[in-house]
Amino acid sequence: MSEPERVSEPAAEQFEFKAEIQRVLSLVINSLYQNPEVFLRELVSNASDALDKARFLGLSESDVVMPLEGEPAIALVLDKEKRTLIIEDNGVGMTREEVVEQLGTIAKSGTAEFLARFSDAAKKVGQEQALELIGQFGVGFYAVFMVASRVDVDTRSIKRGSEPVLWRSTGEGTFSVTAGERAQHGTRITLHLKEDSAEFAEKWRVSRVIEKYSNFVMFPISIDGAVVNRSSALWRLPRSQVTPEQHAEFFKLITDGAAGDAPRLTVHYAVDAPVQFHALVYVPVTTTHEMLMPQQKKQGLRLYARRVLIMESCDKLLPPYLRFLRGVVDSEDLDLNVSRETLQDNRSVRQIEQQLTRQVLKGLTALAKDDPESYSALWRTFGIVIKEGITIDWKNKDELATLCRFSSLMCARDEVTSLAAYVARAPEAQSQIFYLTGVDLALLDKSPLLEAFRARGIDVLLMTDPVDEWVMNALPEFGGKKLVSVAHGEVDLDAIAPPKEVPVEDADLDELVGHAVRAVGRVLSGKVESVRASRRLTETASCLVARDGEPSANLVRLMKMMDENAMGAQQRILELNPNHPMVRNIGTLAARDPESTKLVLYGEMLFEQALLGEGVVEDPARLARRIQELLLESTERAVS
């Protein structure tokens, strides 16, 4: 970009911006009114950078810079009567040449790109996201003209021999540069506020903005002589220097007290390579609704750049399955005004997410080992979300599987077990991890599908979260053992735990069961895929199972809930208990009178009973009629 045009003036040098730069000014001043408070974040950030630079130069180039004067600080002075806001720092300051270069040109290497991207962002995603482009192209300072009708910058460089300079502009396309009066190195910016921005001369309003964006800037920020920021950013301190009380206080601050009085787990982490960042992340004790929201609505961590808040809720710093975490990430390697649209492709952010995810999983693993009771409580609160990771995070799938907890047939109802614990207590001959999915734990516990397992003391994991269906599809094995649904395929437990009583072979009984299987198969033709004798039932007369590889009845139900046009229920296999008197009686009847109409009633009742055992009644009225028919038959026989 060419140098600004100069127009001579007796008292000062006058500079006139090119037309394209005036357009940038117009955009910044007139198009961002929805969030004018951002100007103060920009000014405080600039002042903090100036103080950092002054401290560095004072140490590294003491021979060419003035001695540092006073403690580094940022001071704001408000005057409601004059409608002015002054922000001053004793930082590095600027020379006359630097003033013209830094304040006299905007986005000198990318004005056209800024204009195009700003206009596009404003059209597509609204003013808030378009606002995030400020600073990426060097226009952050000009946010002051959203609230000020005139801005005076009185500055003096820390370099020896420099002279004070006064820069002044109304933001209407020109600025002037003249000799200043400042004696100390640093910068003093005076904003002459517009009438509709008079609120920024009020202490309460400015304090609120400082608390929101700049509360943890490392230098003290005062308003009319009173320090208003915390200065001490806990995440920047060594872990050993932060007390549990300080963590509890900060945790309540960032959660507004809605997630408990103290965190259940704290992950305090800092790294310098390959990307520099500090992180302080908390696992809450209690949950709020938004912590469990689906991915498209999830909340995120607070994102800081050099202690300045740049995003209140950044959902790109952790994977979706850790969306319940609360905390902050602060990086030296991020631009102050990084936009949401660029975060997805930001290499530093991706590296932060990878490293932070590993640290969080490491912390959860340590908690599970060191305090199983606390981890079990955590799992009951957030396990439904953590399990999602197995379906989407293949890199960390094994560690996530280790963290998973489930109810099981052999555990007390208020207890959960890990996959590793299940494997450790399984019989040596057992090469599978058995599981059953469903809607309700109490209903699953009474499922006929578990009868043979309960009788032989073989444990089965009981899963009632909707995500469990997808988790099991994504986790075919654990610890060398295959995960097997007891609602699928055939079951043969003899090799794992032989029955306590070895059944006596009875050819006549086998023949009766065969008659029953064939008769019920004819009755239910078109309703079930097939009928067969069961090796998993010990008490109940019938149950329904799916073929291996077919979706479970529970998955079909869930898909229907999400989309009524989803796949319909597949025909399943009806299993009959060969030792149940009802099945033997049906076999006897079928052998004696294969055409008996009662076989239709009995066969359909076995099917309805199997559905009822799953908590499903497809046609309550029809079931009631059949029960009535059976009761009538039974009562007639009783009185005959």
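Reader: Is the crossing of α19 and α20 left-handed or right-handed?

Author: The model is a predicted one. In it, the crossing of α19 and α20 is left-handed. The term applies if the near helix is turned anticlockwise from the far one by less than a right angle.

Reader: What makes α19 roughly antiparallel to α20?

Author: The axes of α19 (residues 581-592) and α20 (residues 598-613) cross at roughly 155 degrees and come within 10 Å. Angles over 145 degrees count as roughly antiparallel, and therefore α19 is roughly antiparallel to α20.

Reader: Which residues of α19 and α20 meet?

Author: From α19 there are Met582, Ile586, Leu589 and Ala590; from α20 there are Lys598, Leu599, Tyr602, Leu606 and Gln609. Sorted by class, this contact has seven nonpolar residues, one polar and one charged.

Reader: How many aromatic pairs are there?

Author: The count comes to 14 aromatic pairs. One of them is Trp235 with Tyr304.

Reader: What makes the pair of Trp235 and Tyr304 tilted?

Author: A ring pair is described by the distance of the centres and the angle of the planes. For Trp235 and Tyr304 the centres are 4.9 Å apart, and the cut-off for a pair is within 6.5 Å. The angle between the planes is 45 degrees. Stacked needs under 30 degrees and edge-to-face needs over 60, the rest being tilted; the pair of Trp235 and Tyr304 is therefore tilted.

Reader: Where in the chain are Trp235 and Tyr304?

Author: Trp235 lies in the loop between β10 (226-227) and α7 (244-255), and Tyr304 lies in strand β13 (residues 301-305). They are 69 residues apart, and the pair links distant parts of the chain. Both Trp235 and Tyr304 are buried. They also belong to one aromatic cluster, together with Phe216, Phe250, Phe251 and Tyr282.

Reader: Why does Thr190 count as buried?

Author: Its relative accessibility is 14%. Buried means under 20%, so Thr190 counts as buried. Thr190 is in strand β8 (residues 186-193). Leaving out residues up to four places away in sequence, Thr190 touches Leu85, Ile86, Arg150, Val151 and Asp152.

Reader: What percentage of the 640 residues of the chain count as buried?

Author: Of the 640 residues, 51% count as buried. The secondary structure comes to 21 helices and 24 strands. Among contacts between residues at least 6 apart in sequence, 71% join residues at least 24 apart.

Technical notes: Residues numbered from 1 in each chain as written. Predicted model: local features only at pLDDT ≥ 70, side-chain atom pairs only at ≥ 80, totals over all residues. Heavy atoms only, no water. Axes fitted to C-alpha atoms, helices over the stretch in contact; angles between N-to-C directions. Helix = DSSP H or I, 4+ residues; strand = E, 2+ residues; numbered from the N terminus. Parallel < 35°, antiparallel > 145°, perpendicular 65-115°, else oblique. Contact = heavy atoms within 4.5 Å. Nonpolar A, V, L, I, M, F, W, Y, C, P; charged D, E, K, R; others polar. Phe/Tyr/Trp six-rings, centres within 6.5 Å; stacked < 30°, edge-to-face > 60°. Buried < 20%, exposed > 50% of the residue type's maximum accessible area, 1.4 Å probe, protein only.
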